[in-house]
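This note is meant for a colleague who is opening the structure for the first time.

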Amino acid sequence: MDKSRQPNKRVSLAGMHIDRASAVPLHLQIAAHIRGCILRGVFPAGTQFLGSREIARELGCSRTVVLTAWDLLYAEGYLESTPRGSVMVASVATPHAEPPSVASPAAVPAHMSKRWQSLLAFDYETNWPSEFSPGAPDISTFPFKDWSRLLRQTWQNPREQECLDLPPEGHPRLRSEIANFLGSVRGLVCSPEEVVVTSGTSGALDFCSRMILDPGDEVWVEEPGFVEARWALTAAGAKLVPVPVDDKGLVVSEGIRRAPGARLIVVTPSHQYPLGVSIGLERRLELLDWANKNDVWVIEDDYNSEFRHQDSMIASLRSLDREGRVIYFGTFSKIMMPNLRLGYIVANRRFIEGFSKGRARIDVHTSGVGQLALAEFMREGHLLRHLRGMRRAYATRRKALIDAIATLMPDDLTVSAAVTGLHLVALFTEAMRARMSDREAAASLKQAGIHVQPLSQNFLEQPTLQGLVFGYGRLRVEDASPLLARIAACIGSGSRNASSDPAISSRTVRTIKRGRADRGA
C-alpha cells in the first residue's frame, strides 16, 4: 500500500441524508452514497473511514447496517482493508466524472437512432408536480365515489367479450358517449364512427405522425409551442418548421413562406400553448383553404378548451372543415385525472379506417379497463357536472393569481389576456428583461422551492419573448398572494431593497400571514 496517498485523518459520513421513509433499505442507501462519492472523486483511492461504531452513531443506525453496506462495497471492489483493520477506498476504484445528462446528445449510446438522439436532446424542464404546473388539474373534488362504484359494477360480472380484445377504435359505447359529449360541450357534431379512443394526446400524435409522415417530411409547429408535441414528431423523423404565433394566432402566411411543401400542420387554435391566444376566423379559413389545396393534414389539439372562463365557447377548427382535412384531438386527462390515460381522435371515416387497421398491427387498442366505466360515468352525467364545477373553481383561481401578480409585481410582469385553460403567461416587462432572463428567474425560484416554467423553453429558435408560465389548476386561492410575495422577494424589482422599505415589507408579511391563517396554519 502506498502510504503517500493516505489522508491525514479518517473521514465520516455525517453529512449523508438517510430517508427512513424510503422502501430502499438503509444499508443500500449508505452503499449508494459511498459509491457515488468514490466515482465523483470525493473519496479518492486511499481514503480511510471512521470506525463502523462511530459512523453508526453519526447516522443514527445500527452498526450491523454499516457493516452490511461495507460488505457490499468490498464485494464490488470499491473498498479494501488496511493492515490495521481500517476501511479504505480501494486503489482500483479510480474516480471519474459524473455521467453526462440524459438530455445531452453525447450521452446517447451509439446504437440509438438519430431520431431518438434528437428526441433526447430537447432541453425542457417540466417542474412536475408543483403549484404552478401548467395543465395540471385539481383532483381533490373529483367524484371518486361514483367512479369507483362504476368500475366495481363494470368488472364484477363482465361479459366474456369485454375481457377479450376490444376493437382498435375503442369500445362502441364509449365512442358514442364521446360523440354526445363533444356535441354538447364543444358544438362539434360527429358520429361514433368518426371517433377513436386513444391513450391520450401524446400517444395519438405518435400514431398519427407515423401514419402521415415519412422521415424528413416538413411539419408546421407553433413558435412558441407545445414541446411535448415536438417530441412525438421528432421521434417520427419529421423536420420541424417553427411558424410564429402573434396575437391572432398562427401566422399562416409565414408558414407558407417557410415550408410550402409541408405534409402536416399541428396547431392549438382554441387555446394556443403557451401564449393562450385563439386563432381568429379569418386565419382559420386561410389555414383550411391552403391545407385543402395542398393536400396537407391538420391536427387540431383542442388544448384545455373546455375551461373557458369568459364569453362564449370558441368553435373548433374541425367544425369549419368541409373536406375532412382536420384531425381533432381531445383528452380526459385535464377534465378527470392525468393517469387515466384516455383520450380520443375525431376524423373522417377513411382516416379512422386506416388508423385503426395500422394500430391493430402494432398496438391492438387502448386499455379497456376504464373504457366501460367511463362510458357509464358520462352517460350518468357525472363528467358534465364535474366539468361545470371545475370551470368555476379554475376561474376563481385564475382571478386570484392575476390579482396577486398585479398587486405584488406590477413593474415586472404583464399578464396575457387569455381567458381559457389552466395556465396563464406573465410576460417580462422591459425593466425585468434588463435584469435577468426567464431561465435565470426560474432557476432562482427553483432554489427557493418555487417551480415555474420559463416561457423561452417553448421556442425552437431564438426566443422573442421572456416570461413565466403559471399553471393554476392545482393552486389554492389562499396561496396565490403568499406565493407571489415570495416570488417578488426573490426576483422582483424590489427584491434588493424590500427589507429596507417598510411599506413593502409590512404588506408582504401581512399577505403571507393572512394566507397561513386562511389555511389554518
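This is a predicted model: local features need pLDDT of at least 70, side-chain atom pairs count only at pLDDT 80 or more; totals for chains, interfaces and linings use all residues.

1. The partner of Lys399 is Asp403, and the two form a salt bridge in which the closest N and O atoms are 2.8 Å apart. Asp403 has a relative accessible area of 37% and is therefore partly exposed. Both residues belong to helix H15 (residues 382-408), where they are four residues apart, so that about one helical turn separates them.

2. A salt bridge of another kind joins Asp412 and Arg435, with 3.3 Å between the closest N and O atoms. Because Asp412 lies in the loop between H15 and strand E11 (413-415) while Arg435 lies in helix H16 (residues 430-435), this pair ties together parts that are 23 residues apart in sequence. Asp412 is buried, its relative accessible area being 2%, whereas Arg435, at 30%, counts as partly exposed.

3. Salt bridges can also be followed through shared partners, and in this way Glu254, Arg257, Arg258 and Glu461 are joined into one network. The count for the model comes to 25 salt bridges.

4. Arg325 is buried at a relative accessible area of 12%, while Asp295 is partly exposed at 43%. The charged end of Arg325 also sits over the ring of Trp297, at 5.2 Å from the ring centre. A further arrangement of this kind involves Arg359, whose charged end sits over the ring of Phe207, 5.8 Å from its centre.

5. Turning to the aromatic residues, a search of the whole structure gives 13 aromatic pairs. In one of them, the ring centres of Phe43 and Phe49 are 5.3 Å apart and the planes meet at 85°, so the pair is classed as edge-to-face. Both Phe43 and Phe49 are buried. Elsewhere, ring pairs link Phe142, Phe144, Trp147 and Phe377 into a cluster.

6. Where does Ser356 lie, and which residues does it contact beyond its neighbours within four places in sequence? Ser356 is part of helix H13 (residues 349-362), and, with those neighbours left aside, it is in contact with Pro168, Glu169 and Val196. With a relative accessible area of 4%, Ser356 is buried.

7. On the cysteines, the count of disulfides comes to zero. Cys190 counts as buried at 13% relative accessibility, and Cys208 counts as buried at 0%.

8. The chain has 19 helices and 14 strands, and buried residues make up 50% of its 521 residues. Among the contacts in the chain with a separation of 6 or more, 72% are between residues 24 or more positions apart. The accessible surface of the chain comes to about 24700 Å², and carbon and sulfur atoms account for 51% of that surface.

Definitions and conventions
Residues are numbered from 1 along each chain as its sequence is written. Side-chain values use heavy atoms; hydrogens and water are left out. Helices (H or I, at least four residues) and strands (E, at least two) are DSSP runs, numbered from the N terminus. Buried means under 20% relative accessible area, exposed over 50%, partly exposed in between (1.4 Å probe, protein chains only). Contact means heavy atoms within 4.5 Å. A disulfide is a pair of cysteine sulfur atoms within 2.5 Å. Rings of Phe, Tyr and Trp (its six-membered ring) pair if their centres lie within 6.5 Å; planes under 30 degrees apart count as stacked, over 60 as edge-to-face and the rest as tilted. A charge sits over a ring if NZ of Lys or CZ of Arg is within 6 Å of the ring centre and within 35 degrees of the ring normal. Accessible areas come from the Shrake-Rupley method with a 1.4 Å probe; for residues, only the protein chains shown count as cover. A salt bridge is a side-chain nitrogen of Lys or Arg within 4 Å of a carboxyl oxygen of Asp or Glu.
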